[in-house]
Amino acid sequence: MSQYTPATLESLLSTLSIAGGGEADHASILKHANNVLKSEKSHKRALHTKAVALINLDRYEDALAVLSQAELAGQAILERAYCLYKLGRLEDALATAAGGRGGRDERGLKHVEAQAAYRLEKFGQAAGIYADLSRGGYQAENEDYDMSVNVGATNAQLVWANGSAAAGIGGGDKVDRGALDAFETAFNAACGAVARGAFGQALVLLKRAKELGMLLEDLSEEERRVEIAPVLAQEVYVLAKMGRWEEALERLKDLDVPRFAKKKFYTEIDTWAWGANLSASITDTSLKVIATNNEIAITSRLPDYNPHLSLITSAQSSTITTTISSKAFLFQSKILNRNRAIQELEAGKTQAAKKQAQAHLQTHPYDSEASVILAAARAHGDSSSNSNSTSKVEKLVEKNPGDVGLSLTLAQLRMRSGNITGAITAVENVMSAAVDEQKYLPGVVGLLVGLYSHQGRRQHVKEVLARASGYWMTCATPNHPLLRASAKSHLDTPTPSPTDLSTANSIFTLLLSQTPQDPFSSAGLLASSSPSTTTTTPPQNLTPLQTLLSKTDAAALEAAGVAQPPPRKRALEEDAGAKGSAGKAVVRKKKKKTHKFDTNKTPDPERWLPVRDRSGYKPKGKKARARAAGATQGGGGGGGGGGEESMELAGGGRVDVLKVHGNVNANKGKKKKKGGRW
């Protein structure tokens, strides 16, 4: 009789579990199960034992083959779902786990289902499963801690995916104090802060996570460096988003990101080699790729940036992996693919960039940024002429009227040439041709609103925001900033119509239902309430009017009367410098000075005579005094150059004759010399 019997197998399985928490030697158990199956191929217990041992030995393909046998049909559903998850067959794992509920492994199946939904980026579904598990009570050792870690990661991803609509799921900006006591929970809290855009808070939490990671017990120094590598990579990202580029570059030195030496690239390309230590602190493939991508994005701002070098570095770091834990998320893969096309374009490889963008658009047909890259690659040959580039893009838009990326590129080219009306036409056309998911993207709506505002078309702004808000209000995850802008546009008029008030009120009601602590939405709801409505309950986060008016003495204010402006000093003071009705400046006339009459003084008898005729008049100046003395030429006084005398005529009578003294021809013939040289 063989020593490998079902009885001995049962004794070996007493401490065996799928979690591998026992002390059993899984290799020995696998050997024992195989020997039992040699004598009895259909032994269910032995088959199940073999599958569990293979799972604990990370041989998931072999384990799934054993679990697929007919003898285990309808059994070992938890093990089957777990193998599918580890092999990356996430949809199958999700369906298997969801369909196997109701048995003794229901709680374990919920965990697998939540993990599969998380990796499939169905974060809302994963959050719902974890909420259900939290209400059921913890049944395994350390399950409460694992749950807190998974819930924190799921909440952070929800905010990443849905923006402000999910910001309140994880408690808003507040961080649970207990999350700062463990490495994983502190890191997840930091990731949540990054997703919300609270970068200052994120830096503090990342610093705390790094400190806790370096204090992890039962780990070597190298293993601790591996643990904190994601923290450092996230810290680099946060510093870059804050514009602290120098600090981000310094932090990159703490990460062993794969890179080339930076000398003699053009002359001795064969001397290039990888660094001696290839990412010693980064073992996760996706993290390595993301860290390299972020380093390229940061160093591209340096004056010695080399696009050819970045292209080589990016290609070498992008190794393919099938490990589910090392697979990048969809939003990460989209960014990496677009960046790859941009690097090809910067390096002058236009055709390669075009192929990369086209391949990306086949998988993500509504990625407008990839369309922009494709348009840039196609128009790259005409980059020296803006008109040629515009005409080329116009032809592409005619062929693809619903392509948001191409239309936005055309709008940008037209704005660059000052054709704002043409830019508006390009955006309006794509909004009428594209599908709803694309035409009401916040960026597209924001661009059209900005162009309308530039031309003062306020009614058009209100209309486009109303259409966009009508779409986003029906979505499962509405865009809150766009809805706020739309609601505000309905209240911007001095006297909003009842329709405007009703529309704004419905939008603010929806916003408050998802973010109850938003003061903007609370104030908007109150402002959009109809004046005739007296049953409207003020939001809880607004201060009640009774509290605001509790210290106001209305009687004292009435007794004091209405405040009056200070009295004006002069009636024309405010009109000084102002323009009259004819458009001319008003000039104030100066008042004439009047002398007071002194009755004690005797009036001057000559006061009515002209000044020159008065006896006390004294002329000023030599010529004036000479004229007064009669010494002018032709005057009658003596001492001058001439005078008058009377002569008697022979026939009688007298005549006055001009008397001339001196030589009258003395100055005759003398001419005034002209200035200058002779």
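I began with burial and found that K462 and D500 are both buried, where buried means under 20% relative accessible area, exposed over 50% and partly exposed in between, with a 1.4 Å probe and protein chains only. The model is predicted, so I kept in mind that local features need pLDDT of at least 70, that side-chain atom pairs count only at pLDDT 80 or more, and that totals for chains, interfaces and linings use all residues. Residues are numbered from 1 along each chain as its sequence is written, and side-chain values use heavy atoms, with hydrogens and water left out.

Next I looked up the pairing of K462 with D500, which is a salt bridge with its closest N and O atoms 2.7 Å apart; the term asks for a side-chain nitrogen of Lys or Arg within 4 Å of a carboxyl oxygen of Asp or Glu. K462 lies in helix α24 and D500 in helix α26, so the pair ties together parts 38 residues apart in sequence; helices are DSSP runs of H or I with at least four residues, numbered from the N terminus.

I then turned to R251, which forms a salt bridge with E235 at 3.3 Å between the closest N and O atoms. This pair links distant parts of the chain, helix α13 and helix α12, and E235 is buried at 5% relative accessible area.

My last entry concerns D132 and R135, whose salt bridge has its closest N and O atoms 3.7 Å apart. Both residues lie in helix α8, 3 residues apart, about one turn of the helix. D132 is partly exposed at 29%, whereas R135 is exposed at 64%. By this rule I noted 18 salt bridges.

Terms used:
Helix = DSSP H or I, 4+ residues; strand = E, 2+ residues; numbered from the N terminus.
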